[in-house]
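This report looks at pairs of oppositely charged side chains in a protein chain. Keep the sequence and the structure in view while reading.

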Amino acid sequence: MLKQANERVYTPTTLAYAVRRRDPELVCPAAHTPRETKRLSDLDDHEGLRMHVSLALFYRGGDDGVDPAGVIRRALSEALVHYYPLAGRLREVEGQKLVVDCTGEGVLFVEADADVRLAELEKVGLRPPFPCWDQLLFDVEGSSGVLNCPLLLIQVTRLLCGSFVFALRFNHTICDGIGIAQFMNAIAELARGLPSTTVAPVWSRELLEARNPPTPSLPHHESGVVLSQPPPADDMVMRSFTFRASDLAAVKKSLPRHLHGTATSFEALAAFLWRARTAALELPPGGTASLVIVTNFRSTAEMSLPTGYYGNAVVPLTVLVDPAALRGGSLGDAAALVRRAKATLTTEYVRSNVDELVLLGRRYLLPANMFALSDARRLGFDRVDFGWGEPVYAGPTDTVFGVSFFVAVKDPDGEDAVAVPVVLPRLAMDRFATEVEKLLNHVKPQLS
């Protein structure tokens, strides 16, 4: 039996604490910025991204007497001079096309104090879902819309021990994970006193417009099957599962010889979770178990995206398989499917995907029983240093049914690990936890 089984699954505790907030304020660019209208790309402007995403960064502070909220507020204002579209508002023009009206109105900023210490939060586990999260990132009235609302909401909460929490919510149409990490690192560099940001921001959203006329040339499975209805929301629970380096090594070691020396940790863990989730949901034979890999294509040379591009630059790579085949096959079979899907990423695939998106009216028809995975470990959140060192946790704060992230964390021994927040119906979550332990118990002997 695994020794750390009880440490792998994080379920939120009853830890409660008071948070006192000052009135929200709008932080504007520190200098004059152009008043203009900027179009979003066709990849930015689709129905699935008309939403807000929340991030949390927890920092270990000290007794230096420096107020992190004041330092970050000043640096935010300076960073908005360079990233001035973020201080604007989204509007719709002809054909419901999204544009940014660069008004310079600013982003929402909240300063707060919490009656809790970082050690108490660490004791219950710095993993989603965080206790009292709705107080660490308060939903300011009128701020959560997509159109005519601030594009960013930031809250800096001081803790009793001198540590602090930097929480951010951003409109996903304006940037992706790498893009918002680039902006946060720009704030951090200015907060540390650098004269300018290391990476200059680049708009250039016209680079990801559909061709004229749109001419999809490749099949896009995510456009072929309508998403099945999710289970009732009131039956859903979220838990985070933590995988240590030894777990990942065991999973990779259990793969066939031609894979265990070359498979990435993402390929191995994605295959592992996909099979466990399919079993937990008891998907019937003859249906579909869909894996959607959310993939960044900035490194695809022919796309010619310049350094500093902070718009959305990800596409879904989709695998469709019969649940019976997935459960009846081996972990190696599933890992091979993940690898094969990743290999489909080419410049033409991206161009074809954008064209298909436009022809569908800027919306994806997502596959049935979708399990979407995004690797947030190397987006740059962990490097955001406002002057107090790197965060002890940096990443997403929540998720929804059908979507999970890989987040870089530390295990109880201080070693690198991966946390994966998962949302499932209550009974399916119990089965999922059992499947994870069963699969790991099966692969662990491979290390001996």
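The sections below describe salt bridges in this predicted model.

## Overview

Side chains of opposite charge can pair when their charged atoms come close. A search of the whole structure finds 35 salt bridges.

## Pairs between distant parts of the chain

Glu25 and Arg73 form a salt bridge, with their closest N and O atoms 3.1 Å apart. Glu25 belongs to strand 3 (residues 25-27) and Arg73 to helix 2 (residues 68-82), and the pair links distant parts of the chain, 48 residues apart. Glu25 is partly exposed, at 31% relative accessibility. Arg73 is also partly exposed, with a relative accessible area of 21%.

Another salt bridge joins Lys342 to Glu267, where the closest N and O atoms are 3.0 Å apart. Because Lys342 lies in helix 10 (residues 331-342) and Glu267 in helix 8 (residues 265-280), this pair ties together parts that are 75 residues apart in sequence. Lys342 is partly exposed at 29%, whereas Glu267 is buried at 5%, since buried means under 20% relative accessible area.

Lys438 and Glu435 meet through their side chains in a salt bridge, 3.1 Å from N to O. Both residues lie in helix 12 (residues 426-443), and they are 3 residues apart, about one turn of the helix. Lys438 is partly exposed, at 48% relative accessibility, while Glu435 is buried, with a relative accessible area of 16%.

## A network

Salt bridges also link residues into a network: Arg39, Asp42, Asp45, Arg50, Glu92, Lys97, Glu209 and Arg362.

Key: Residues are numbered from 1 along each chain as its sequence is written. This is a predicted model: local features need pLDDT of at least 70, side-chain atom pairs count only at pLDDT 80 or more; totals for chains, interfaces and linings use all residues. Side-chain values use heavy atoms; hydrogens and water are left out. A salt bridge is a side-chain nitrogen of Lys or Arg within 4 Å of a carboxyl oxygen of Asp or Glu. Helices (H or I, at least four residues) and strands (E, at least two) are DSSP runs, numbered from the N terminus. Buried means under 20% relative accessible area, exposed over 50%, partly exposed in between (1.4 Å probe, protein chains only).
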